[in-house]
Structures are given as structure tokens and as C-alpha cells.
Amino acid sequence: MRQLLFVFSVLFTTVFYAQNTGSVAGKLTDIDFNNEPLAFANILIKGTTTGTTSDFDGLYAIDNLDPGSYTLVFSFVGYETQEITVEVVAGKVTEVNVPMGASAASLDEVIITTTTRKESEAALLLEQKKATGIKTSIGAQELSRKGVGDVATAVTKVSGISQQEGSGSVFVRGLGDRYNITTLNGLPLPSNNPANKNIDLDIFSTNIVEFIAIDKTYNAANYGDFAGANINIISKDYTGSGFLQLGLSSGANTEAIGTEDFYLHEGPNYSGFYTTDYPDYPLNNYNFTTSWDREKGPMPVNSGISLVGGETLRLGDETKLSFFGVGNYSNGFTYKEGLSRGGVNVSGVPLSNFDFENYEYKTNTTLMGNIGLKHKQQSIKYNVLYLNSTSQKQMEYDGVINVFDDAPEGGGIIQRSVFDRTELFVNQLLGDHAIGEQFDVNWGVSYNMLYNNVPNRRQTTLLPVNPNDPDGPKSMQLVSSASANHRFYQDLNEDELAANIATTFKFSKNEDDEYAGKVTLGYNGRMKKVDFEATQFNFRILLRDSNNNLITQPVVEPYNVDAYFTQENLNAGLFRIETFRGNVNTPNALEPQFYKGDQNIHAGFVNFEYTFSPKFSVIAGLRGEQITQTIGWDTSISSSPEPEDNKFDTFEILPAFSLKYAINEKHNLKFAASKTYTLPQFKERAPFLFQEVNQDYIGNPDLYASKDYNADIIWEFFPESDEIFSLGAFGKYILDPINQVTIASASNDISWVNSGDYAMAIGAELEVRKNLFKSEVETDDSTLATVFSAGLNAAYMYTDQELDDEKVAEENSIINTVFTNKNDRLSGASDFLMNADISFNKDFSEDRNFMTTLAFNYFSDRIYALGVQGRGNMVDKGYGTLDFITKYQVNEHITLGASFKNLLNPSVERYQDTQDVDVMTYKKGRDFKLSLSYQF
């Protein structure tokens, strides 16, 4: 009907205002996307600069044409250009409807590096506008414009989302890692860190991404372990003529490059492909071959190389075969210097007080490929992804180790060398099928394997020979803890099989010959096995020999610990090697600590979607989900012989509801409400002792799931195809929330508890994307644009939760807490978040353009850990970052780029608020990078 009205309006204009001229009008559709309207395609009259572009609904019109024969050229990036000759008759409209699809032939007039439909900001805004649910997407075009290199940084460009410092974890509307879910093409991903539910997003480079869909409201087709966001990474595939692109980059971090010498440790190579195991007979002989001491590393210059290519082959008129591949390697050096304090008491005195240095070297290797076969409305695609991500840290701490014991006047030295490697294999098979006119079937199967390895972590501790002379000679003489000097080996394996299938039945055709209603029935399954093992070799320093005589420990040079830990000194009885189970005389001493578990989720859902009118549409869904989580362990804290001895088993009914009211063509009003849940993680339930230099963590087997109630309302205004103004409000109410807390113990360990009866978060979000200046010039080959634009998104949140010591005591067998406050904000929640950017883009010709962006990000103070026993909360102080990115496409082959990140270089600070004591400070440094890409 809308198309007929559109044609009628053109005819009306023609009759009354141009009786001696004619018009051409019609609709463009995308045969590669189920004949959806193709927006923003170019329509030109060949040999002239007269033309137009199709609108949101694929409609176009060119009027006031003199009668005669014209050749119309229909083009869109990556699609086959169509040339159609039409006759224009005075006083009449010639209707030309054109289906368009990708071409396997070389398109000389198209530059393949130009963004394709699903990557562009305008196209993603169109999808956001049309969707009944509340969704946000960020595509490859915007990521490129803002110089974003990884997915973690990418999602922080969306309102209400911030990144946890020093990790790839994100907070969504004040809710941390446990409340989010990460998927790749709609199928779940495992975590690479036993401490987290989600995989670190910063290990995904953005050159594998077509766009990232961020659903902050729940849909019954998604897994129910959700309250913050479902972050769905859509990997690139390809429809277009063949291309191959080589990219090179180099850069540096100002803090790292400013060091006189950059130190790492022996063992790992610089490629990131390294693993090792402990030697044979490690308890009765000193067989460790890698050095305890730091070694001088390479010049800290970052580098990267990537190779990207794709091809589409036509196998007849209605069948195509497409290929896409990415290979990427990058590395980077960082250096942090500052202070680190732990165990600050009520009087403001820290138990430990260090100056620290942290040298870090990271690598990331990404290999991704996909192959897709499409025949008519049937398609099958296979994706394979391999990631190898590593972090090598050399950490050094100097100061008071224990104000009451070890080095109370300072002078204690702790060195820790850590190499952490994650390998992820993802295999996905996806299908999309249209069965007749009314049935669609979508399905996907994935098998993921994740391997996380910490091989040969080393820690040494030296104390002053005389505690009153902190600057004097050092030795092991006064070291009291066996674990103060250790080597640690950790392996985490996760295998996960997941499956999605959904069948959609369309019904009730309307007068526009479109179906108003849809019913979708589906199943989701996720079966995961987790196997975590760790062995720590403690080097206990001996003070007396077998005859009870005092042993005189020698002076040890801080950077020559290798001279102390030798076979000779082991034989001399200066130290003994043992595990938590015992020494060489203990039969099972080498049996590792472990926890093992299974998590099985099976769910069925139904979604009902109906468009009651062009203005009003509704989605109502219901999901039933069976969750079983079993875990068993044998650790230094306790043992549970069989996994079934600790089993979490529940069935959840999860309703979800969304509605949309289109006030007019440019304004939407949307509402959503749902119920979800939040599961505890394996690490949080297994009583395993994870030890950091300044903090220890222990699991709680009595944890249970939270229940979440969510509501959102938003108004959206789309002034132009690439502009948006939206204002929304949201609310979260959580029953039995899980919090990370400091437990009541002499060692101030951190654990996890259901900390109270409720928690809540309410807030408002604003998003603006506006072209401050825009002009377009039509040429024979393309449309050249000059655009000066600005963007802003911001979120303000109020959070509150009950903290109940009695509830914790009643529900937990081994954990107790003494909260400082009875109510407090949610951990990780900033009251205010903001992203802003200004961009300028200039097309000089079809294959030459310039782009530059200035981007600013800010988050306000947020709680890192809740205060206990009269101590204040540990709070991460808010700060802003400023980035400058520029790119210049020299010609159809060469593109140059430069980025300057964190230009303000603010101090990163964590403090304890009531006592007003800094517990951590450092600067990240400014990052500079130059890049070159060549397209063959």
C-alpha cells in the first residue's frame, strides 16, 4: 500500500506541476537478504549527474524528466550494477522495480574497501528503527571511524557500557560480568578466565567483525542468564567480487618506550606460542631450568600484520558460493609504575604498602574463515575461528609486606613472573531456510574448545636481614610463608556443545501483501564441561636443620635469586620443595588441586509477534529453561569426592514482552519488560584459593542464582538516515544478588555471597548522532560526500542494594561477612557514563578520501569492592580518555592511518573511601600507532 501511495504521489505531482515531463519510480530489493528493501542504493541517469538514492523502504523516484529514452544505472557497494533502459512518457510515471544481488564479476566502478550494507552506520540505524525490540548495534564503519581495535573497546562506545580497567570485562548499566552473555553469531562462547563468566572481549580484533549487536532488553529466544546485555558478535562474511588486503601497523606506548630497560622473564617466546609443564621429580631434586630472575626484553615497539580476503562465485543464476578469511597478529608493550596497598584497616593503616612496577607484553593471533552456500532462499554457512591470546608480566613490588611481621619498616621485595595463554577454537555450522512463503527455519550448531594455561608462574620474596635497615642486604631468613616463594602451573579446559533451532510461521497478510503476524517456536541447548587443575610448588625456607640447629641463610641479591635456588642449597637443607599436600615423603604430593564440573542448559521458547497497524507492533515471548550445574573439587581448602555432592538444579519460567509505537515515519516509542536469572560461576562455588600479591580469593559452595526483573522505555527520533536522537529510561530489580565481598577472616580474603534480599538500578540514557554539515556531489561513477558529524551518548544511573549479615550467616556454611553499610551502591556501577565524538569525512574522488575523529570517553567513580568491618568501600576513581584517529585513502590500493590514544593520560586510582587511603595508582601512558593497508 505504501508503495502504491508513493507512486500515486509522484503521479499527482507530475500531473499538476509537470504536464510536459515524466517520472521514473519504483522499489529496490535485496535478493541476498530475503528480498528486504535495499536502502541507500544509488540510481543515476547514465551520462548525467541526475539521480537519487533509495529511502528506508527501498523506494526511489526521479521526476521532471523530458520524454525520451533513458538508461538508469542502479548500484550499491558489493552488488551487481544494473543498467536498465526505460521510456519516459510525458504526464506519466514509469515504474521500475529492481531486485539486486552480489556479483561474482569484477566491478570496476566499485571499491571493495568501501563499507557494505550491514557494516554501515546508516544501515544499522535502519534496523534499529524497524525493530520492535530495543537494540543497539555498532558496525565496522563506526569502529573504523573511531579507531577501535578490539571488541571490548567497541562496546564501550555504546551508552551505559564501561570497561573494567585492566581486563576485557564490561559493565552494562552498572551490572558486571556475571549479568552479561557473549555470543558469536547467536551461539554462546566460553570464558577464557576461571574468574569470569564471559570471555575477555579484548582478545577479539575488530577486523573479524561485521557488526556487534547489543541487546540490553531480553528476548525469549536468548539464554535466560541475562540482566545486563547480550553482546552478539556477528562475524564477517562476504558477498562481492574477490579482494585481498594486507595491513601493517607499528606504534608504542609512551610509558613503555620511556623506560630505560624493559624487563620480561625467561621461557615464553615473543610469538605467544609457548607452554610447558613442571619437570620430572620436582620434589626431591632441583630440576627447574628456567630462571627466577628477570631478563632484559626487546625494544618495546608494538607491531601488527593482517591479511584479509574474500570471493564470491556464481553457480548459476540463483546459487552463489562465498569465501572470507582473516589472519591477524599483533603485539603490544605496556608499563605501569605506581603504588599498591592492601588490607587497609579502620585506622587507615595498610597491611602492605608497595611501590610497584609492571612490565607487560601481549600478543594476539586471530585466524578466521567462513564458507557460505546460498541457493534461492536457502543458505548454509560454516565458520571457524582460532584465537591465541597471551600476556607476559614481570611484576616487582618494593616496600612493607606485612606491617606487623615481614619487613614492617619496608625493604621487602616481591617479584612475580606470569605468562598466561588462552587458545580458543570455535566451529559453527549455521543454516537459514525459507520453506514456501510462510515458513522459515533457522538453526545453528557449535562446538567450542578453550584451553587456558598459566605455565610456570614464579614468585620470589626477599626481606631485609635487619628489619630496622630496609635499605640493607636481603635474604630469605625471615620469610615465614611457604607460598612466598613458589612456582605455579594451571590448566583450564572447557568443552562446549551448543545448538539453536527456531521455526517461524508467518500469517495474516495485510493490504500491503505483507504478513502481519509471526509465531516462532525454538530450542536452545548448551552443554559445557569444565576441568581446572593447578599445582603449586612452595619453596619453604628452613630455619633449623634436622638436629634443631639454627640455619644461617645467606645474603641474596634481589636480581640473582638463581644463585640461591640450586641443587647445592637444596642438599644443604636451606629450603624444601613441597605442594599443599606435602613434600617428597607424601605419597600423593603431586596430585593437583582441581575442580571439575558440568553445566547443562536446555530451553524451549515461543515468541509471538504481530503488527496491528503500521504504527503498532508487539512481541510477546515465554521461555522455559532447565539448568543443571554440578561441581566437585579437591583443593587445599577442602575436598568433595564426587561432583554430584554439590549440585545446582532449577527450572525457570521467563516471560518477555516488547512493544513499539511508531508515532510517525521518524519517531518511535518502545517498551520492554522481562524476567531473567543470574547464575553463580564455577570458580565462585569451588573453595579454591587464588592468590594475588596483595589479595586472595576463595570460592563459596553455598551460592545460588539470583532472579532479575527488567523494564525499559525509549523514544527514538531519526531526523535523517544516518542520524538519531533517543532518550530512554530503564529499571532493574534483583532478588538475592551475588556480590564480591571481603569476608570476616584474619587474612581478609575475598569471596562471593548472596549479600541481601534485593538490589536495584534505575537510570536514563541519551544518544545523539547528528550531521553538523553534509554535502553531496553526484558524478558519473559515484556520490562524493563531505560530512562533519558529532555523536554523544550518556547514561545516568542510581543503584542501591541491601547488605544483610544475618542472611549471609544463615545461608552459608563457611563464609561470614560484617558489612560496613546496611545499604550501598552496586559494585562496578558508575553514576555517570559518557561517550562523545566529532568526525570529519571528505570524499575527493571515488577512490580517494580523508577521515578523522576525535573521541572522548568518561566514567564516574565506581565501587570495586564493598567495605566490611568498619572499612570503606574500595572505589575506582573516574576519569576521561581522549583519542584522535585519522585515515587517508590515497587511491584504490593504499590507505594510511594514524591513531593517538589516551592523550590526556590521567592517573588510574583506586582508594578506600571512608579512610580516604589510595590503594592503587598508576598511569597507562599514551598509545601511538601508524598503519598501512594495501588492497590487491
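In this predicted model, the side chains of Arg623 and Glu625 meet in a salt bridge, with N and O 2.4 Å apart. Both partners are covered: Arg623 is buried at 1% relative accessible area, and Glu625 is buried at 0%.

**Other salt bridges**
- Searching the whole structure turns up 27 salt bridges.
- Asp876 pairs with Arg910, and their closest N and O atoms are 2.6 Å apart.
- Because Asp876 lies in strand S47 and Arg910 in strand S50, this pair ties together parts 34 residues apart in sequence.
- Asp876 counts as buried at 11% relative accessibility, and Arg910 is buried too, at 15%.
- Glu83 and Lys46 form a salt bridge through their side chains (3.2 Å, N to O).
- That pair links distant parts of the chain, with Glu83 in strand S7 and Lys46 in the loop between strands S3 and S4, 37 residues apart.
- Glu83 is partly exposed, with a relative accessible area of 49%.
- A network of salt bridges links Asp736, Asp757, Lys807 and Glu811.

- Glu337, Asp355, Asp398, Asp469 and Asp471 form a negative surface patch.
- Asp398, one of these residues, sits in strand S23, which covers residues 378–400.
- Asp398 is partly exposed, at 41% relative accessibility.

**The chain as a whole**
- The chain holds eight helices and 52 strands.
- Of its 936 residues, 56% are buried.
- The accessible surface is about 37100 Å², and carbon and sulfur atoms contribute 54% of that.
- Among contacts with a separation of 6 or more, 71% join residues 24 or more positions apart.

How values were computed: Residues numbered from 1 in each chain as written. Predicted model: local features only at pLDDT ≥ 70, side-chain atom pairs only at ≥ 80, totals over all residues. Heavy atoms only, no water. Patch = residues over 30% accessible without salt bridge, like charges linked within 9 Å, V, L, I, M, F, W, Y side chains within 5 Å. Areas by Shrake-Rupley, 256 points an atom, 1.4 Å probe, with all protein chains shown as cover. Salt bridge = Lys/Arg side-chain N within 4 Å of Asp/Glu carboxyl O. Lys, Arg positive; Asp, Glu negative; His and termini not counted. Charge placed at Lys NZ, Arg CZ, Asp CG, Glu CD. Helix = DSSP H or I, 4+ residues; strand = E, 2+ residues; numbered from the N terminus. Buried < 20%, exposed > 50% of the residue type's maximum accessible area, 1.4 Å probe, protein only. Contact = heavy atoms within 4.5 Å.
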